[in-house]
Amino acid sequence: MEKHSAENLRKLFAAGIVVKGDMWFFTSLTNELVSMSLDRGQASYILDIKGYQPRKDGDTDFLLYEDEKIYKLGTKGEWILEYSIGENACRYIETGFRCQRKWGNFIALAKWKEDLYIFLRMEEAVFKINRTTGKSEKVFYHKDGKTKKENNFCKSCQTGDVVWLFSGVTKTVFAYHMSRNFCRQYHLAERIDGCRDVVWKENKFYILDKQCRVFVWDANTDRTELVADFKEINAKPDRWGKLVVTDEDYILLPYMAEEILLLERKGEQKKRIYASYPNDFKYNAPSDWSKYTRPCEDEYNYYFPMHAANYILKIDKKTGNLAWIKMTIMNEDAGFQAYCRESDGVIVEKIYPLSEYVERIKAESSKKENRENAVVGKAIWNQIKNAK
């Protein structure tokens, strides 16, 4: 694998969280914690985290931020990692969940007051975990304890204390009220052909169905309206899976395809294929990785993790303008040394190819030799100076 490809693979990540102008995330392949300035794209590995065990972790499924702490739910979900930014320390909270699959176990991680809620993808149940005591309990949506396992939830949205769960198989929508442990059911209109993605905006749900059509659903009135149809510029609907709704545009991001599709919300509703990529832009992840995952956001923008490309995608919430953030790791050498320490000498070729590994070792040896020569030279000079 080429050196620049391996370097990019080391930076890929599946989920991020914005904290005071910085994006925080764990890398997918090495589980290293990174903090990046959104203004400059300058990033650094967070080193020497007290209590952190990278080997205990898997890739990230969800991140939350609360009270100067970042909460990570991994793809296997047996623990929630709580990281304190101020203390540069972490602890692991057992969830009570026992891994069913390597990934795809969860549909949401939510918070309400002192509790975290892990919503299961394949089961009508949630794990409720107290952040202070670490106590965990499994709660079923139905009081009789029965649960259906065929729903296969595909998307969640949180509005206040309510988590909305949309199924990719049935037309049932669950609205779980965390404050009351109460669940209400809704049913989508028959003309919606399943859910690929759902966006909450303007107090309504925008639903992307399997035919690449966008419907707006008002849960209060149960009114459904078709507002966008991408079929004319999209021959294979199943290859797009992420919907973005801004004030000006509907935007479809690819799942296994490569093109980004845009449709104006107002006027003539012109459709186009996005073409203004950076000159060196490319998708550089394994072919079975999705191009884009769920975004994190601040007041003005959505930010899509660098899950498959060599840039982070930034989308303005009002104008729909797309911009690209190129990330630069400022302490790459220190990150390499930390990786070697944590790996117990087992270096993965696709992360650090042999040629790069040798070059880095040579560079480290040269630095060490220069430091030793400097010490010897200073000792000789002191002897000469004292002899005068």
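Colleague: Let's start with Asp48. Is Asp48 exposed or buried?
Modeller: Keep in mind that this is a predicted model. Asp48 sits in the loop between strand 4 (42-45) and strand 5 (60-66). The cut-off for the label is over 50% relative accessible area. Asp48 has 64% relative accessibility, so Asp48 counts as exposed.

Colleague: And what about the backbone there: what is the phi of Asp48?
Modeller: Asp48 is not a glycine, yet its phi is positive. The value for Asp48 is about 55°.

Colleague: Asp67 also has a positive phi, though it isn't a glycine. What is the relative accessible area of Asp67?
Modeller: Asp67 is in the loop between strand 5 and strand 6 (69-74), with a phi of about 55°. The exposed label needs over 50%, and buried needs under 20%. Asp67 counts as partly exposed, because its relative accessible area is 48%.

Colleague: Now Thr246. Is that one buried or exposed?
Modeller: Thr246 lies in a loop too, between strand 21 (240-245) and strand 22 (249-254). Leaving out residues up to four places away in sequence, Thr246 touches Lys201, Ile251, Arg265, Ile315, Asp316, Lys317, Lys318, Thr319 and Gly320. Its relative accessible area is 0%, so Thr246 is buried.

Colleague: How far apart are the C-alpha atoms of Thr246 and Arg265?
Modeller: Along the chain, Thr246 and Arg265 are 19 residues apart. They touch each other in the model. Their C-alpha atoms are separated by 8.6 Å.

Colleague: Which residues touch the most other members in the largest nonpolar core?
Modeller: That core has 19 residues. Strand 2 (22-26), strand 3 (33-37) and strand 4 each give two or more residues to it. The residues touching the most other members are Met23, Phe25, Met36, Leu38, Tyr303, Ile312 and Met327.

Colleague: Take Phe25 from that list. What does Phe25 touch?
Modeller: Residues up to four places away in sequence don't count here. Two of the partners, Met36 and Met327, are also on the list for the largest core.

Colleague: How many residues are in the second core?
Modeller: This core is separate, and its members include Val244, Ile260, Phe281 and Leu322. The residue count for the second core is 18.

Colleague: On to the second largest pocket. Which element gives the largest share of its lining?
Modeller: The pocket has a volume of about 490 Å³. Among its 21 lining residues, the closest to the centre are Thr30, Glu32, Pro54, Ala338 and Glu342. By class, the lining has twelve nonpolar, three polar and six charged residues. The largest share, four residues, comes from helix 2 (residues 332-342).

Colleague: Which residues of helix 2 are buried?
Modeller: The cut-off is under 20% relative accessible area. Just after the helix, Asp344 takes a positive phi of about 55°. Within helix 2, the buried residues are Glu332, Gly335, Phe336, Ala338, Tyr339 and Cys340.

Colleague: Last one, for the whole protein: what percentage of the residues count as buried?
Modeller: The protein has three helices and 29 strands. Its accessible surface comes to about 19600 Å², with 48% of that belonging to carbon and sulfur atoms. Among contacts between residues at least 6 apart in sequence, 44% join residues at least 24 apart. Of the 388 residues, the share that counts as buried is 51%.

Technical notes
Residues are numbered from 1 along each chain as its sequence is written. This is a predicted model: local features need pLDDT of at least 70, side-chain atom pairs count only at pLDDT 80 or more; totals for chains, interfaces and linings use all residues. Side-chain values use heavy atoms; hydrogens and water are left out. Buried means under 20% relative accessible area, exposed over 50%, partly exposed in between (1.4 Å probe, protein chains only). Contact means heavy atoms within 4.5 Å. Accessible areas come from the Shrake-Rupley method with a 1.4 Å probe; for residues, only the protein chains shown count as cover. On a 1 Å grid over the protein atoms alone, a cavity is a set of points where a 1.4 Å probe fits but cannot get out, and a pocket is an open set with protein on both sides within 12 Å along at least five of seven lines; lining residues have an atom within 4 Å of a point. Grid points are joined across faces, edges and corners, and a volume is the space filled by probe spheres set on the points. Ala, Val, Leu, Ile, Met, Phe, Trp, Tyr, Cys and Pro count as nonpolar, Asp, Glu, Lys and Arg as charged, and the others, Gly among them, as polar. A nonpolar core is a set of buried Ala, Val, Leu, Ile, Met, Phe, Trp, Tyr and Cys residues joined through side-chain atoms within 4.5 Å.
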